[in-house]
4 protein chains.
Amino acid sequence: MDYVYGPGRNHLFVPGPVNIPEPVIRAMNRNNEDYRSPAVPALTKTLLEDVKKIFKTTTGTPFIIPTTGTGAWESALTNTLSPGDRIVSFLIGQFSLLWIDQQQRLGFNVDVVESDWGQGANLDVLASKLAEDRYHSIKAICIVHNETATGVTNNLATVRKLLDDYNHPALFLVDGVSSICALDFRMDEWGVDVALTGSQKALSMPTGMGFVCASPKALEAAKSARSVRVFFDWNDYLKFYKLGTYWPYTPSIQLLYGLRTALDLIFEEGLDNVIARHARLGKATRLAVEAWGLKNCTQKEEWFSDTVTAVLVPQYIDSAEVVKRGWKRYNLSLGLGLNKVAGKVFRIGHLGNLNELQLLGCLAGVEMVLRDVGYPVKLGSGVAAAAAFLSNTTPLIPSRI
Amino acid sequence: MDYVYGPGRNHLFVPGPVNIPEPVIRAMNRNNEDYRSPAVPALTKTLLEDVKKIFKTTTGTPFIIPTTGTGAWESALTNTLSPGDRIVSFLIGQFSLLWIDQQQRLGFNVDVVESDWGQGANLDVLASKLAEDRYHSIKAICIVHNETATGVTNNLATVRKLLDDYNHPALFLVDGVSSICALDFRMDEWGVDVALTGSQKALSMPTGMGFVCASPKALEAAKSARSVRVFFDWNDYLKFYKLGTYWPYTPSIQLLYGLRTALDLIFEEGLDNVIARHARLGKATRLAVEAWGLKNCTQKEEWFSDTVTAVLVPQYIDSAEVVKRGWKRYNLSLGLGLNKVAGKVFRIGHLGNLNELQLLGCLAGVEMVLRDVGYPVKLGSGVAAAAAFLSNTTPLIPSRI
Amino acid sequence: MDYVYGPGRNHLFVPGPVNIPEPVIRAMNRNNEDYRSPAVPALTKTLLEDVKKIFKTTTGTPFIIPTTGTGAWESALTNTLSPGDRIVSFLIGQFSLLWIDQQQRLGFNVDVVESDWGQGANLDVLASKLAEDRYHSIKAICIVHNETATGVTNNLATVRKLLDDYNHPALFLVDGVSSICALDFRMDEWGVDVALTGSQKALSMPTGMGFVCASPKALEAAKSARSVRVFFDWNDYLKFYKLGTYWPYTPSIQLLYGLRTALDLIFEEGLDNVIARHARLGKATRLAVEAWGLKNCTQKEEWFSDTVTAVLVPQYIDSAEVVKRGWKRYNLSLGLGLNKVAGKVFRIGHLGNLNELQLLGCLAGVEMVLRDVGYPVKLGSGVAAAAAFLSNTTPLIPSRI
Amino acid sequence: MDYVYGPGRNHLFVPGPVNIPEPVIRAMNRNNEDYRSPAVPALTKTLLEDVKKIFKTTTGTPFIIPTTGTGAWESALTNTLSPGDRIVSFLIGQFSLLWIDQQQRLGFNVDVVESDWGQGANLDVLASKLAEDRYHSIKAICIVHNETATGVTNNLATVRKLLDDYNHPALFLVDGVSSICALDFRMDEWGVDVALTGSQKALSMPTGMGFVCASPKALEAAKSARSVRVFFDWNDYLKFYKLGTYWPYTPSIQLLYGLRTALDLIFEEGLDNVIARHARLGKATRLAVEAWGLKNCTQKEEWFSDTVTAVLVPQYIDSAEVVKRGWKRYNLSLGLGLNKVAGKVFRIGHLGNLNELQLLGCLAGVEMVLRDVGYPVKLGSGVAAAAAFLSNTTPLIPSRI
């Protein structure tokens, strides 16, 4: 069934699904269990408590939904908003585009603020809109923390500041799919009302769990939100939370145990150390790109993403060839350019359970691939630049000191 | 993390999630992969083709959705119907009740035909309704093939016959969650328009995949259905089917490989042999129940289910105690009675990848548990009755002859 | 690669290799590691300490050798004895026969004390030999604690008593392959000098580790033992024990982690509870055999084995047919009769990580198989007898109370 | 149980045990089975046939022994030789030293031909000895194909030529532990009489299987060899080969299935492609060492090993610090210098299921570690040199073209 076997490990550097650590694979290697036995609620209880930590919230209510990021989006929107509601949404790349498409299809009145792909959300426009919106027609601000298609990280603290400055009651909904557990994300401090992520991203698990965390204000909004929802309805969860059985329908036993281990690993490393590791690997990647003489799709440093780097290739190169070549020759999986930047960028995902030498192996591979597709890269140049930085910044592994 | 370890194997006899065969567990024991590489579409293509076989359809279009049975229900309804549409739906137990609840919350005009729990769908009432409905206000008939809460199997062929007799164009939507791949189900022959199941039932996989299969008529209906849907929208799938990439959002790599193996095992055994095995184990279970002097919750033989048997306990016994005791003393997982039959029945799930001696071990355990809770069962009586039947009917394992 | 797939679980009731619990399978599901890193010695240290507990020794020195039981035998003999040494060895079945064959081929002067297969070691003869041996020509007594071929358990306490009574300095070497971790075994209390077992027996792991435990007296004997040995030489281990690196050659990383978990499970259950569980399952099996009207190969109750029961079949039946039929029709693996009892007995292994309902499923299967081969068993009779006993004696699972 | 968890993958570059490919880990992820059922002999038969292919023999008889390389050595020697036999053995590093130690302890008259560590076997001395040995007192030539401690590959074709030139009947015994399945090894063509390897080396499996392959001449010698052996005795295997049950004692079920998959992967890649891949990775490693300005422990190109490179560090550096640092900071496992070269070399194992980017990641790590320990390496220099070579020589992955 491995149609495309190649010797050695696959070097998985797409920005999701990402590498699963062995202890998580082990934890999931099990038969099904009765989810109505006392064991599963006991386990779930610890998970819900601990999931709050990765959102940095103590007041939020988490929902672990058997779905993908797309479903998590839908859960966030339909539980808090009603058809026709005006929402401000930022279009800065393929994933924000898809979320906006969903928002429109769900019947909201979407006020789209578009930026060039490679730029962050235009928060000046948000300021104007908030300033003008004296009667609070804007019901929600929807923003991706990290646009996976372009490697752009938006400044959520500024969004909160603007809402506060204008004393605006709009809900603050954040797609944290490629940020939470990897970038600095602070649900409570930033007053985020709904934040969400998926299991196959920085949590380093298989696809299949959407994590949605709702602030008290979001839960309140859910009471009057008139969007039709059943599978994604928080109320069904809340009902079972009260009963102490937690699940309105059958969860994946394997993913529950996998999540337990994934969280244990994150807490053992320390969430802030995990974030620092991502910062380190992100910076190293950007130094390599610079050394190669290539440009980051992200246009300003303030937006640089520590989970994914979209690399612009010269016009005479098709970035899809880079991806294809990496896979065909070096068992290297890079991210394609999507939509507007198809053919123009390839993406290096550097999120999840990943370390320095894995990244350097990837960078060495990218160099060889670039040469294969006709870009005159100096082999070793990116690796050298990245290694120089990593050599100065990588801490000892605490358990081995 | 195994809070509740007990020596030896867990005897898993809830009607889902069910036992996963070792080859499927093995197949899923893997790291993530780039789902945009050529490998995943190639694999998916074989899966979609082969999934049609378990629905016994050649004309249907399958959707493999990262969700549970509840999500599959929602997909079936929202893609084919519009708010306000009249649908006839049969309430015969907890799962049909939950589906009806979903139908109502999705805004349909649900014409509920209720039966006593333990009886099948009242098809006489359906006949009357169809007879009266000259202007075809009924847009769909919704029916569970097998009600998991009571162990009742409905006669789908009769539903089709009635629709044909009255030349009624209503869509025929079937919840096959605890039937498909275990009971005789014939999508094309019975003119079913949407059928669905979940991975954790007779396919013997973890939870996480909802399988929905749509007839050409259902696909046609989807074009005009006005129910709001995004995550569950078939159109997104169809768009990617055309592109040959298949997935509108990230699938679970592990479940894809697991499904490949699960289907391989089913085809190796032969789908009809799988169904015959379920018939054999179902009958054996009922013989045991009879030998114990207990009653089947299912009131007539025509409705007996070959995937789950709900056993009525005498009034002086709380069936929840049976379940609790089995788990606490014998590492046996039985199904609770739900809602109206809570405390009155316990359920033996006998579906999925299961064989004769596993069932007999379970039956022996039920006997001991019954004694524990004060029912004067003759130990060995149910096992003897079941074994007598199995001894006459179990074929040799073909690969070992 | 599963040439002989049959639906459902394999019912593994050979007396080894036995069922591996899921947590152990999970623990072994891993890549290799550098065994010279600090991690492996740290792990090994805990293993060596804990292995002593299953031998019930505080003064013994354990060796975990990458080999099978046969290799463990060789290690026990060659490290303590010299060619030409007189040893008393008891022939009571196939495994004691094989050990004696090894003893002879290794050049010892083996004084064989033979019993009928089905009887225990003749300790009266031992008494005479010890009485006569005033000049201590007997260097060692070799005895299997539990003869796996016939289901006979020898009385080791009596052996010790005889040695003490005659104040005889002979080494006391015990094959505990199918006893240790399942039967009551007390290395220190009984003054056993070398005891051994294998990982695939009551420890419920894969084959691959031979456990040999040496008393101080045995270690002393090793200094002058002139049997040629290299791979099996304890000195190489002792050298690395001193260095704190433990391994003279590459151990199996997977088995080390598997052993850690296997021991954890045993200690969680409690070693004495494990032994009590074996006693319970052994008794239940014998009650079933009696109910079937069949005879135990073991001729007296004092020798009954709680880990394996060899069942005599009537002369008109070939016991190999019982085994073959079980495997071909019911996915049931029973033990063949070996050598002298080939065709005459089949064996039910009831050792390792096993519980009541697994055993009852097996017994139900044996009943059906017996009927298949023409023995007029009353179906359910053995199960009833076993269940009656188990129903009275099985404790609640402590973690679930 | 992972005492020393660090984020991301462990970079395993010791020369054994090596990385296990995921499909092999999956194949071994299973419960025990009855090894006396028809399934295991059927599987074993294919394994024995296919193991011959990796030895490049059609006339040899393979033995798969539950042991390590040390045990395989013992099997090779004790089955073919008698105590007192004169054998010529080459001491060129730690593993040849250990084998010689074993030879001496087994009672052979070992004629040791020593070279400096870093040089190959002195075949001129062999020539003299053969020339002088008119009465054929030399019974065997024992040589390691690849000395793992120094990264030296001996020329076996020359050994054969010398034996032929002098028409000498000595047995030709080869330790192929770190060569077979990685380096060019031709048992039949080179007239090797016994060759051996272990599962944890180029076969990329866990430790636990010793593979010994005997020529017809070796089998003939076994008939008169008087070395004491039981566990390692080929005769016991041959007896069971004839019976068609194959195993004189319990094999590891898991390793059998693992071996099946390991061989399948090797044959899918093509044994000669596997060997070419090792040549490519070996050469790339040496180019990196050169670029770092360091010396290979191996003194001449003719002896360069394509499976392990021992790198000499400057005198002011302790090579053990390199290893320690790699593990503590970068999750990198390198090989220590052993015995005479302890502190002087560290070793990069580049054998088994490994690809280009894994190696480049390792080389990048070594560069950072070298800097850490005070060696003024130019970061990226080794990677650049290796990548330049690999970029020109790495073929497309056949299954992905």
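Biologist: In what order do the three strands of the open sheet in chain A lie, and in what sense do they pair?

Modeller: The order is β11-β12-β14, and the pairing is antiparallel.

Biologist: Why are β11 and β14 of chain A called edge strands?

Modeller: Each pairs on one side only: β11 is 295-296, β14 is 345-349. Strands are DSSP runs of E of at least two residues, helices runs of H or I of at least four, numbered from the N terminus. The model is predicted: local features need pLDDT of at least 70, side-chain atom pairs count only at pLDDT 80 or more, and totals for chains, interfaces and linings use all residues. Residues are numbered from 1 along each chain as its sequence is written, chains are lettered from A and ligands numbered from 1 in the order in which they are written, and side-chain values use heavy atoms, leaving out hydrogens and water.

Biologist: How do you know that β12 and β14 of chain A pair?

Modeller: Pairing needs at least two DSSP bridges between the strands. Strand β12 (residues 308-312) and β14 of chain A have five, in the antiparallel sense. So they count as a pair. Within it, A:Val308 stands opposite A:Gly349.

Biologist: What packs on the sheet?

Modeller: Helix α10 (residues 271-291) of chain A, which touches β11, β12 and β14 of chain A. Its direction makes about 10° with that of β12(A). Axes are lines fitted to C-alpha atoms, for helices over the stretch in contact, and angles run from 0 to 180 degrees between N-to-C directions.

Biologist: Why is B:Pro248 called buried?

Modeller: Buried means under 20% relative accessible area (1.4 Å probe, protein chains only). B:Pro248 has 17%, so it qualifies. The residue lies in the loop between α8 (234-243) and α9 (253-269) of chain B.

Biologist: Which residues are in contact with B:Pro248, leaving aside neighbours within four places in sequence?

Modeller: B:Asp236, B:Tyr237 and B:Phe240. Contact means heavy atoms within 4.5 Å. B:Asp236 is twelve residues away in sequence, yet 6.0 Å away C-alpha to C-alpha.

Definitions and conventions: Buried means under 20% relative accessible area, exposed over 50%, partly exposed in between (1.4 Å probe, protein chains only).
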